Amino acid sequence: MVLQEHPAHSLGERAEPRGARGPRQRPGQQVRGVGGAPTAPPPQGWPGERLYAGCKYIDQIELIAVDLAKRLFRAEFADVRPIAGVTANLSVYTAFTEPGDVMLSLSIPNGGHITYGPKRVGGTAGSVRGLDVEYLPFDVNAMNVDVDGTKRKVERLASEGRKPRMVVFGGSLFLFPHPVRELADYLKSMEITVAYDGAHVMGLIAGGEFQDPLREGADVLMGSTHKTLPGPQGGVILSWERYSDRIKRAVFPSNVSNHHLHHVAGKAIVFAEMLAFGRDYASQIVRNARRLAEELAARGFKVLGEPMGYTRSHQVVLDVTRNGGGLAVEKRLEESNIIVNRNLLPYDPKEGRSYRDPGGIRIGVQEVTRLGMAEGEMVEIAEFIYRAVLKGEPPERVAADVAEFRKGFNRVKYAFDSAIDAYEYIGLRRQPELGAAPGP
Ligand SMILES: Cc1ncc(COP(=O)(O)O)c(C=O)c1O
């Protein structure tokens, strides 16, 4: 969810770029911006083994990013080259499967991402890697993967000569930790690779909230660096040393040629920021999501996951089928300066709804949390959403109040105060050959 600052919408008005108004930008914001970051010759390959000369400095930056990622996720191996979560997923498919293999993952209405989809829906797994996709059984009441159903499905597929090669946990609609611990030993006993797509929840994992897939038995954890991990757009793969060679090869040459150098330094900064502030950030995100869900439910919204306390992640999911549907509610909120997105709900297809006008709204609180908002602000946000959607106030009126409210939150929290703090944390100031920051 993003709260916008402009008081009214008119086509002629141009919003100021994000971060431009605050008292001052923080280093994460500066480095995450693409301008001014290091450029170098094409960096194909792994640091120290590039196919081009002139990579001395980017090699050092990339190795620092790799080291920080390994520390943050307590992984033996990290690859920071994937240029998106999609590329990270595709690289994992490449590393651990062959075309024609069976893969188990969540369907899109149950929270899966299009990268897990079969060919018939244009999904990356089917269309690009040629995987034969089967869906993980899902318990809609628990909003989670069905453990016994999964075992039964694996047995059935195996008896038909279609034993899965890989299971992908994770998803885009992701309220509760997936049963990795409950299934990992069983899946491994069947020689099935356990992958976990943490695209949305990487920041929560890094901050020690939600779950810890690598400790719970996952072979590989992949994800985006720009969702709850508040970094530049990109991807990352974490795994164990024994898989490092095959993952490296799957990234380059298979799925990335020249990775985006200007994002590598930004990734290093965000990993460092999460090492320094991630616990506080992640725990505030989870508390905010829970509080927002409770406040919305108290105001009459149908909030999913109620028996389990609504959410344990950064997301809150509303069923708005009786409030005009996802498309109309998304638009109404956008006109009110509140950016959220419409989302398919598990039972939408059965009830005749599609992704164009689904039954749900998905709200993520990581952005507003990063601006310093806490439980008290969640009450105010719930009230804005109530006024716009259920009370039916004119959106311009709500938009003006949201803009006013948003003005009080222009400083990025859970971030280093200065570039010097960031460089000191990373240890760059002890490496003058990197052109380290000048002293204070
Ligand atoms: C579960 C999941 N995996 C992967 C992706 C792809 O991530 P990216 O936007 O970094 O390509 C997304 C995107 O939202 C996602 O929800």
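Which residue is the bridge partner of Met103 in S4? In this predicted model, the partner of Met103 is Val133 of S4.

S3 and S4 are part of an open sheet of seven strands, whose order is S2-S10-S9-S8-S7-S3-S4 and whose pairing is mixed. The edges of the sheet are formed by S2 and by strand S4 (132-135), each of which pairs on one side only. On average, and with direction ignored, neighbouring strands of the sheet are turned by 20 degrees against each other. In general, the strands of a sheet pair through backbone hydrogen bonds, in either a parallel or an antiparallel manner.

Helix packing was examined for H10 and H13. Two packed helices are described by the angle between their axes and by the distance between the axes. The axes of helix H10 (residues 261-298) and helix H13 (residues 375-390) come within 9 Å and cross at roughly 40 degrees. On the side of H10, the contact is made by Arg287, Asn288, Arg291, Leu292, Glu295 and Leu296, and on the side of H13 by Glu375, Met378, Val379, Ile381, Ala382 and Ile385. Classified by residue type, the contact of H10 with H13 comprises seven nonpolar, one polar and four charged residues.

Several backbone features were also noted. Most residues other than glycine have a negative phi, and most peptide bonds are trans. Arg74, a residue other than glycine, has a positive phi near 50 degrees. Arg74 is located in the loop between helix H2 (56-73) and strand S2 (77-79). With 11 other C-beta atoms within 10 Å, Arg74 is exposed, since the cut-off for this class is 12 or fewer. Asn337, likewise not a glycine, has a positive phi of about 70 degrees. The loop that holds Asn337 lies between helix H11 (326-335) and strand S13 (338-339). Asn337 has 27 other C-beta atoms within 10 Å and is therefore buried, the cut-off being 20 or more.

A cis peptide bond, with omega of about 15 degrees, joins Phe252 and Pro253. Pro253 lies in helix H9, which covers residues 244-255.

Terms used. Residues are numbered from 1 along each chain as its sequence is written. This is a predicted model: local features need pLDDT of at least 70, side-chain atom pairs count only at pLDDT 80 or more; totals for chains, interfaces and linings use all residues. Helices (H or I, at least four residues) and strands (E, at least two) are DSSP runs, numbered from the N terminus. Two strands pair if DSSP finds at least two bridges between them. Axes are lines fitted to C-alpha atoms, for helices over the stretch in contact, and angles run from 0 to 180 degrees between N-to-C directions. Two residues are in contact if their C-beta atoms, placed from the backbone, lie within 7 Å. Ala, Val, Leu, Ile, Met, Phe, Trp, Tyr, Cys and Pro count as nonpolar, Asp, Glu, Lys and Arg as charged, and the others, Gly among them, as polar.
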